Structure formats: structure tokens, C-alpha cells
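Student: I would like to learn how to read a structural model. Can we start with a loop and work from there?

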Amino acid sequence: MRLSDLLTVERVSVSLSADSKDGALDALAVLLAHGAPNLGADQIARVLKDRERLASTGVGDEVAIPHGRLPGLARVVGAVAVCADGLPFEAIDGRPVKIFVAILAPDRAPGEQLRALARVSKLLRDRSMRERMLTAASPADLLALFQDDETAQP
């Protein structure tokens, strides 16, 4: 699974503006709604927040990977957002989160969701990739980082 196939420039932000965990999830839901035209941002935000209440998706190294599953979704979609200043997210290492990669999957496709989460996790373990994401000048530039990385990887 290629992460870049789950993204479009409309679902990428290099200037996430939020002042709370819920605010970040709301902003990610708006981005994800661009890939799920039959679902509203409010419905998507509710799913992300419900999942977040189980345990924080702040995985450390200034990264969070909010995710969820929804009926009515045709395929797995993703969104990426950068918040240069970072914000409190109850991450495992206690650090503010600057990079958000959200994954939304159909409720009937848990395997696809797990593959997408594994791909995101592997990609974001690379400190160089995280640093390049934080300095991307535009959504197109940020999306190109994923495309370039996946072209270089077998």
C-alpha cells in the first residue's frame, strides 16, 4: 500500500491551526471529508474523537496518527497536517505533536486500515522525513515528499 495513493493535495495542510487536541481532530476531519464526499466532517470528527478516547494516537517524536473506521466510506483515505508550533496531544512521550497523519477506513476493511497504519508508522520513524515534512512550503511539496519516498522504496 502506498500512502501517497491515499492522499490528495486537498487533504494536506502545512499550516494546521488548532489550539487543542479536539481542535486538531476537527481540522483533520475537515481535510478527510474531501476524500469522503458522502460523509460530513462532524461525523468523521466524532469517529476520530471516539478512537482517541480509547488511547492517544500520539505515538511520540512529535507525531500523531489519528484513525478510525466508518460505514459508507468507499475506500481508505488519508490526510496529513503539520502544526509547526506543536500542540498538546497526550502523546506517549509527553511532547507536543507537530505532524498529524490521519487514516479513515471503511468499517468492512480493518486489514486495509492496519496496512495503512503500518506504512505511516514506518515512514514517520525516519527523522529525516519528519524534518522535511516540517519544512515543506506547500501542500503540494509535502505530498511530493511521500511520493518521492515511495518511488525510492521497493
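Tutor: We can. This is a predicted model. Begin with Asp61, which sits in the loop between S2 and strand S3 (63-64).

Student: Is Asp61 buried, partly exposed or exposed?

Tutor: The class follows from the relative accessible area, with buried under 20% and exposed over 50%. Asp61 has a relative accessible area of 39%, so it is partly exposed.

Student: What does the backbone do at Asp61?

Tutor: Most residues other than glycine have a negative phi. Asp61 is not a glycine, yet its phi is positive, near 55°.

Student: How should I read separation in sequence against distance in space for Ser56 and Arg75?

Tutor: Keep the two numbers apart. Ser56 and Arg75 are 19 residues apart in sequence, and their C-alpha atoms are 24 Å apart in space. For Ser128 and Ser4 the separation is 124 residues in sequence and 18 Å in space, again C-alpha to C-alpha. Ser128 is in helix H4 (residues 127-134), and at 35% relative accessibility it counts as partly exposed.

Student: How do I describe two helices that meet, such as H1 and H2?

Tutor: The axes of helix H1 (residues 21-33) and helix H2 (residues 41-54) come within 8 Å and cross at roughly 135°. That angle makes H1 oblique to H2. The crossing of H1 past H2 is right-handed.

Student: Which residues make the contact between H1 and H2?

Tutor: From H1 they include Leu25, Leu28 and Leu32, and from H2 they include Ile44, Leu48 and Glu52. By class, this contact has 10 nonpolar, no polar and 5 charged residues.

Student: Which residues touch the most other members of the largest nonpolar core?

Tutor: That core has 28 residues, and those with the most contacts to other members are Leu28, Leu32, Ile44, Leu48, Phe89, Phe100 and Leu104. The elements giving two or more residues to this core are H1, H2, strand S5 (77-87) and strand S6 (97-106). H1 supplies the largest share, 7 residues. Apart from this core lies another, of 25 residues, among them Leu3, Val76, Ala105 and Ala116.

Student: What does Phe89 contact?

Tutor: Leaving aside neighbours within four places in sequence, the contacts of Phe89 include Lys21, Leu25, Glu52, Ser56, Pro66 and Phe100.

Student: Is Ser13 buried or exposed?

Tutor: Ser13 is in strand S1 (residues 12-13). At 14% relative accessibility, Ser13 counts as buried. Not counting residues up to four places away in sequence, Ser13 touches Leu31, Val80, Ala81, Val82 and Leu142.

Note on methods
Residues are numbered from 1 along each chain as its sequence is written. This is a predicted model: local features need pLDDT of at least 70, side-chain atom pairs count only at pLDDT 80 or more; totals for chains, interfaces and linings use all residues. Side-chain values use heavy atoms; hydrogens and water are left out. Axes are lines fitted to C-alpha atoms, for helices over the stretch in contact, and angles run from 0 to 180 degrees between N-to-C directions. Helices (H or I, at least four residues) and strands (E, at least two) are DSSP runs, numbered from the N terminus. Angles under 35 degrees count as roughly parallel, over 145 as roughly antiparallel, 65 to 115 as roughly perpendicular and the rest as oblique. A crossing is left-handed if the near helix is turned anticlockwise from the far one by less than a right angle, and right-handed if clockwise. Contact means heavy atoms within 4.5 Å. Ala, Val, Leu, Ile, Met, Phe, Trp, Tyr, Cys and Pro count as nonpolar, Asp, Glu, Lys and Arg as charged, and the others, Gly among them, as polar. A nonpolar core is a set of buried Ala, Val, Leu, Ile, Met, Phe, Trp, Tyr and Cys residues joined through side-chain atoms within 4.5 Å. Buried means under 20% relative accessible area, exposed over 50%, partly exposed in between (1.4 Å probe, protein chains only).
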